[in-house]
Amino acid sequence: MHITDSIIGDSAIGRGSRRMICLPIELVDSIVHWLLATGRSFSSISAFSLVSHRYRQIALRRYYGILHVQSVRHWFRMCHIKGMSDWVRSLGASTTVFRHKVDFLAHFTSLKTLELDFSDDGLSTQTSRATLLFRNMTAQLKTLKLTHLPCIDLALLSLISTRFPTLVTLELSCTERLDERCCWHCLEESSTCCVHSPIPEAYATTDILIVKVCKALRPLEKLETLLLGIFLSDADVLVRHLERCAAIIIPSPRTGYYSAPPFGPDKCAICHAEHGPAVRERERLASDMLRQLLPSVKAVEFSSWFAVEAPMRVLDASR
Ligand SMILES: [Zn+2]
Ligand SMILES: [Zn+2]
């Protein structure tokens, strides 16, 4: 698309013989939105941004509306772009990207959505990292998404609810830290580095978990959507799967020693038969209870090994 100031201008006054047409700002904004929809590279809007100072401001505001910081170097570059922090509505990054110039986050006063990846943090650093980052964020966030969390504990929930009281959507997830990409060893190892199933060690029962979670989130009076990416099934479900079901697979002459990739209880016929119906009922009761205790919440979701009734992979126990 070619844009020249003889076609689109930000002034109604003609210059020389060229006729200028003044377009409503909303329409100009929509054009930039359309240009960026075809690809979020700066080249998509570079020609448009050269039309005039005003158009450049509109283009940059749209371009930086969604910012995913790729690296520490990228973050440093962003910190030096004048006015950029005012344009950003949605910010995403790995938490460790902000280990330098963390106080610059306070400049993002228009931020509505924040997505943080905690992959590089562990159980010992999660709380201090979250405290440091949240202290520098605007309190007016509407959507907060934290992924690859080592755990979802009451300290984190209380920190979020006191720091961001206007949240409408809260998504916290831990279970994607379970590593099913390599081998059974890696799956077992990753399961020991996060609290993917807090029942019964952290909370004796589902009811206790829901009551404590709701108490911690009570200040979030506008919360409508809640994702808690933990399993409500007992921690023993994965332990038994690794000890029993994996043991059937590992020595199999058909699959070879430590065949890869491994799989969780969600793809295991034995685990589905043993736990599926009871866990689904537990999840249903927990959702109902949570919506009763937090009336503003319309949608609630948990991680589940048994969300679907039939396993995707049938484990042949007779092998
Ligand atoms: Zn491995
Ligand atoms: Zn199993």
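Predicted model: local features only at pLDDT ≥ 70, side-chain atom pairs only at ≥ 80, totals over all residues.
Me: Which strands stand at the edges of the seven-stranded open sheet?
Reply: The strands of this open sheet follow the order S1-S2-S3-S4-S5-S6-S7, with parallel pairing. A strand at the edge has a single partner strand, so one side of it is left without a neighbour in the sheet. Neighbouring strands are turned by 10° against each other on average, direction ignored. The edge strands are S1 (66–68) and S7 (299–303).

Me: What is the bridge partner of Glu 115 in S4?
Reply: Strand S3 covers residues 113–117, and strand S4 covers residues 143–147. The two strands pair in the parallel sense over five bridges. In S4, the partner of Glu 115 is Lys 145.

Me: Is Ser 94 buried or exposed?
Reply: Ser 94 is found in strand S2, which spans residues 90–94. Its relative accessibility is 18%. Because buried means under 20% relative accessible area, Ser 94 counts as buried.

Me: What distance separates the C-alpha atoms of Ser 94 and Asp 117?
Reply: Ser 94 touches Asp 117, with residues up to four places away in sequence not counted. Along the chain, Ser 94 and Asp 117 are 23 residues apart. Their C-alpha atoms are separated by 4.5 Å.

Me: Which residue's side chain is joined to that of Ser 94 by a polar contact of 3.3 Å?
Reply: Leaving aside residues up to four places away in sequence, Ser 94 touches Asp 117 and Asp 120. The polar contact of 3.3 Å links the side chain of Ser 94 to that of Asp 120.

Conventions. Residues numbered from 1 in each chain as written. Chains lettered and ligands numbered in written order. Heavy atoms only, no water. Helix = DSSP H or I, 4+ residues; strand = E, 2+ residues; numbered from the N terminus. Buried < 20%, exposed > 50% of the residue type's maximum accessible area, 1.4 Å probe, protein only. Contact = heavy atoms within 4.5 Å. Polar contact = N/O pair within 3.5 Å; in protein donor to acceptor, adjacent residues only side chain to side chain. Pairing = 2+ DSSP bridges. Axes fitted to C-alpha atoms, helices over the stretch in contact; angles between N-to-C directions.
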